[in-house]
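Please open the model in your viewer and keep the selection tool at hand.

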Amino acid sequence: MNASEIKSIIHEHGLHPNKALGQNFLISNAVRDRIIDTIGLIRADSVLEVGPGLGALTEPLTGAAGMVTAVEIDSGFCRFLAKHFSDRKNFRLVHADFLKASIEGSFTKIVSNLPYYCSSEILFKILQYDAPAAYLMLQKEMAERIVSGPGQKAYGALTVTLSLYYEPVILFSVPRQAFYPQPEVASSFLSLCRRGSLALKRDDIAIFHRLVKSAFWGRRKMIRTALSESPHLRAGREWAGRILDEAGINGRSRGEELGLDDYIALVRAYKKIRLNKKQDSWQDWIVKQ
Ligand code: SAM
């Protein structure tokens, strides 16, 4: 699909593209083909596509995968997609806000040219689907944030959280000209490959999220202060110090200097210290939100 084809679809179907919904359509066939080659779909794949738009990726996805479930927020686009793909038996359309919906099914791959206004929220939401892999078009800066490491400027809560579940790789960069309308920034295509096994038990993941949020909530603060003053925990200064000692982490370091292993050590220390106190459960320390 090139820009004039998109314009004529929009005109013919009386659609009203909405910039606020991050509607930048992929118009480069070369980039589309590279994406599909990279994903390497097989008939056994059940794909979840977030934001199919006018179907630039949906078309080749339905051509190669066993099943494609596409979630689109825009009702005009849904009308178009339902008609356009009506003869595809392996296409299921869900008209919903991906951030609010709970899509039924089990997916082997998640694919999206993400709407940039809510890409970090979508990334957190994707974790809920437990897919073995995700292939995502992102703003270049966001992709760099995801692959960055401790001590780097872009490193943040999203980096640490995703790294518990997935190994991220930037596969290639994509120029602004590959989209219509052109976004203000360049993009990168990124893969997330599920780690063989999670370093934490399922039950401990809630505390992992709270600890990571707390550490970056006080990004400029020393980790001891960030944990003890965090609105996401009820640790208190003395306990925060003991947890850090148990985890072998210097309380004067900052959240942005700690790697995934440090956060895992913090979760284990947190549980151990809380359980040693022989009070109800370490979960009492989680502030309900
Ligand atoms: N996949 C198409 C392509 O590559 O040309 C469109 C990509 S466009 C960058 C992002 C798409 O996500 C748009 O179709 C937009 O309407 C949709 N979208 C935005 N926010 C959404 C949300 N919260 N849930 C589902 N779809 C959303």
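Begin with the largest pocket, which holds about 240 Å³ of space. On a 1 Å grid over the protein atoms alone, a pocket is an open set of points with protein on both sides within 12 Å along at least five of seven lines, whereas a cavity is a set of points where a 1.4 Å probe fits but cannot get out; lining residues have an atom within 4 Å of a point. Grid points are joined across faces, edges and corners, and a volume is the space filled by probe spheres set on the points.

The model is predicted: local features need pLDDT of at least 70 and side-chain atom pairs count only at pLDDT 80 or more, while totals for chains, interfaces and linings use all residues. Residues are numbered from 1 along each chain as its sequence is written, and side-chain values use heavy atoms, with hydrogens and water left out.

To display the pocket lining, select K19, G22, Q23, N24, Y116, Q139, P181, Q182, P183, E184 and V185. This lining comprises 4 nonpolar, 5 polar and 2 charged residues (Ala, Val, Leu, Ile, Met, Phe, Trp, Tyr, Cys and Pro count as nonpolar, Asp, Glu, Lys and Arg as charged, and the others, Gly among them, as polar).

How many cavities of 30 Å³ or more does the structure hold? There is 1, and the volume of the largest cavity is about 410 Å³. Its lining has 34 residues; select G22, G51, E72, N113 and P115, which lie nearest the centre. Strand 1, strand 2 (46–50) and strand 3 each give two or more residues to this lining (strands are DSSP runs of E, at least two residues long, numbered from the N terminus). By class, 24 residues of the cavity lining are nonpolar, 7 polar and 3 charged.

Now select the ligand, which sits in the largest cavity (more than half of its atoms lie within 2 Å of the cavity's grid points). Strand 1 (25–26) and strand 3 (67–72) are the elements that give two or more residues to the shell around the ligand. Of the 22 residues in that shell, L26, G51, E72, D97 and Y117 come nearest (a residue is near if one of its heavy atoms lies within 4 Å).

Finally, display the polar contacts, pairs of N or O atoms within 3.5 Å:

- G51: a backbone N or O atom is 2.8 Å from a nitrogen atom of the ligand.
- D97: a side-chain N or O atom lies 2.9 Å from a ligand nitrogen atom.
- Y117: a polar side-chain atom is 2.8 Å from a nitrogen atom of the ligand.

Technical notes:
Polar contact = N/O pair within 3.5 Å; in protein donor to acceptor, adjacent residues only side chain to side chain. Helix = DSSP H or I, 4+ residues; strand = E, 2+ residues; numbered from the N terminus.
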